[in-house]
Amino acid sequence: MAESSSSFTPPSSILIVGSGVFGLSTAYALTKRTAWSKTQITVLDRAYGDQQQQRFPSHDASSMDSSRIVRADYADQAYTKLAAAAQDEWRKPGPNSWGGEGRYAETGFVICADQGPEVLADGVTKTGLGYAKSAYINAVELEGRHQIVELDSPEKIALASGTGAPFGDWGYLNKRSGWANAEKSMAWLYDRVVETGRVKFVGATVDRLEVHGKRVTGAKLGDGTTLRAELVVVAAGAWSPSLVDLRGHAVATGQCLAYTPISDREQERLANVPVLMNMTQSTFMITPSNNMVKIGRHAYGYINPRKITSALVVPAKAGESNFPEITVSQPYTHVDDSKIWVPAEGERDLRTGLRRMVPWPDLMDRPWTHSRICWYTDTATGDFLITYHPHWDGLFVATGGSGHGFKFLPVLGDKIADTIERNYPLDFKDKWSWKQPEDIEKQIITEDGSRGGKVGLILMNELQKNGSRL
């Protein structure tokens, strides 16, 4: 349900900065709404390649990867229900559906945790075990006990894992969860948007947003030109804090991924194992495909502090610059350094994760062929940030994916479009709203129970440390 506003009139033009999950799904949703039929829709991204073959999204966007978990296993019931609605779309067969042509596979999901307290000392913040147990309650209510199997011992987890791995102390199997090929799904969506003939795509870097008084009027590009629009939507993922001051709201954090090849025989053995995740250790393995195992870490992540003058800041006093120098965490990817490799401490965790989840002698120590740092846009609660900016007219922000936005791809665009129209989704009106932070300099840490590892790791410091690759 949504809280409606009958007074909304669509703008004559809208500029969506970013063509990832948030931006591209929003553009698609708007093309399907009759009220927006006269609105000029432009999607701007820092795509790479020649002008005839630009890639959208950019190939180092977080959504451009082989696989992402698709689950309704949340400690928060509102996200459980929204993810379930998305899964209904993922499951539909056929080339014209989100999960068709092999883009979605429902192999199940084993979520587990290690023994320990369910909440931290504050009595409120969940631990990995607390998160898993809350998710179990919501999953049972959603799917019923015939689809949800409690695994209350390492032995039961090992049996359900499909790999013989007792990689946790308590957990459960959700037979109705799975994974999707993220890159193919985004390519499918991009093609659907192009087919509408309603959206103009522009590949360029953004220098900063264009401002006139208190109104955002467009985006100034790296070549000095300006794209103007009546409404600007910043949906630039982990680059969003570099365009809009989101200190105290969201921060870009780098997460570790590593890949190792497997034989045809190993692929056959692993093709139908569930997605595996230990919430305490923060490591996961998505069901392998195309003869490749991917191990990931869903942790507090790395930050990459940089001094910038590109973010639009609300001036403290009249006459002050809208673009003062501030420090934000900025993504650093293989576009910046084609030889980048995950830091040694992260690689050690990934190796431990592989050994725990697939304890096969021939595979557990196999060298990685490549690695990746995937950039999240984290919020303190893990909630998205989907809202009008309270100070700048003509500016809407859609970001804060917090590492779990992709699974909502089939339904997220409509929720964002509803919010733009001020028809706020009731379950998320407060969760996604702009909240004034008490301390903008305080480091944002996602404390919803889904993260682990060390807090405050600085990427460049970790990259400079010596350490043999395992």
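The model is predicted, so local features need pLDDT of at least 70 and side-chain atom pairs count only at pLDDT 80 or more, while totals for chains, interfaces and linings use all residues. Residues are numbered from 1 along each chain as its sequence is written, and side-chain values use heavy atoms, with hydrogens and water left out. Helices (H or I, at least four residues) and strands (E, at least two) are DSSP runs, numbered from the N terminus.

**Helix α3**

- Helix α3 covers residues 128-143, which makes 16 residues.
- Its end C-alpha atoms are 22 Å apart, which agrees with the 22 Å that it should span at 1.5 Å a residue. The expected span of a helix is 1.5 Å times one less than its number of residues.
- Twelve of the 16 residues of α3 are buried, so the helix is largely enclosed by the rest of the structure. Buried means under 20% relative accessible area, exposed means over 50%, and partly exposed lies in between (1.4 Å probe, protein chains only).
- The buried residues of α3 include Gly128, Leu129, Tyr131, Tyr136, Val140 and Glu143.
- The cover over these buried residues includes α2 (77-90), β6 (109-113), β7 (148-151) and β8 (170-174).
- Gly144 follows α3 and has a positive phi, near 90 degrees.

**Salt bridges**

- Side chains of opposite charge can pair when their charged atoms come close.
- The structure holds 28 salt bridges. A salt bridge is a side-chain nitrogen of Lys or Arg within 4 Å of a carboxyl oxygen of Asp or Glu.
- Asp418 pairs with Arg33, and their closest N and O atoms are 2.9 Å apart. Asp418 lies in helix α8 (residues 409-420) and Arg33 in the loop between α1 (21-31) and β3 (40-45), so the pair ties together parts that are 385 residues apart in sequence. Both Asp418 and Arg33 are buried.
- Arg247 and Asp245 form a salt bridge at 2.8 Å, N to O. Both Arg247 and Asp245 are buried.
- Asp365 pairs with Arg355, with the closest N and O atoms 2.7 Å apart. Arg355 sits in helix α7 and Asp365 in the loop between α7 (344-357) and β22 (370-378), so this pair ties together parts that are ten residues apart in sequence.
- Asp365 is partly exposed at 44% relative accessibility. Arg355 is partly exposed too, with a relative accessible area of 35%.

**Nonpolar cores**

- In soluble globular proteins, nonpolar side chains tend to be buried together.
- A nonpolar core is a set of buried Ala, Val, Leu, Ile, Met, Phe, Trp, Tyr and Cys residues joined through side-chain atoms within 4.5 Å.
- The largest nonpolar core has 77 residues. Those with the most contacts inside this core are Ile14, Phe22, Trp90, Val233, Phe396, Phe408 and Ile420.
- Another core, of 34 residues, lies apart from the largest one. Ala258, Ile295, Ile340 and Trp368 are among its residues.
- Val233 is in contact (heavy atoms within 4.5 Å) with Ile14, Leu15, Ile16, Val17, Phe396, Ala398 and Ile420, leaving aside neighbours within four places in sequence.

**Packing of α2 and α8**

- The axes of α2 and α8 come within 7 Å and cross at roughly 125 degrees. Axes are lines fitted to C-alpha atoms, for helices over the stretch in contact, and angles run from 0 to 180 degrees between N-to-C directions.
- α2 and α8 are therefore oblique to each other. Angles under 35 degrees count as roughly parallel, over 145 as roughly antiparallel, 65 to 115 as roughly perpendicular, and the rest as oblique.
- Leu82, Ala85, Ala86, Glu89 and Trp90 in α2 meet Leu409, Pro410, Val411 and Lys415 in α8.

**Single residues**

- Thr399 is found in strand β24 (residues 395-399). Thr399 counts as buried at 2% relative accessibility.
- Lys38 lies in the loop between α1 and β3. Lys38 is exposed, with a relative accessible area of 81%.
- Asn290 is not a glycine, yet its phi is positive, near 50 degrees. Asn290 is exposed, with a relative accessible area of 62%.
- Ser402 also has a positive phi, about 55 degrees, although it is not a glycine. Ser402 counts as buried, at 2% relative accessibility.
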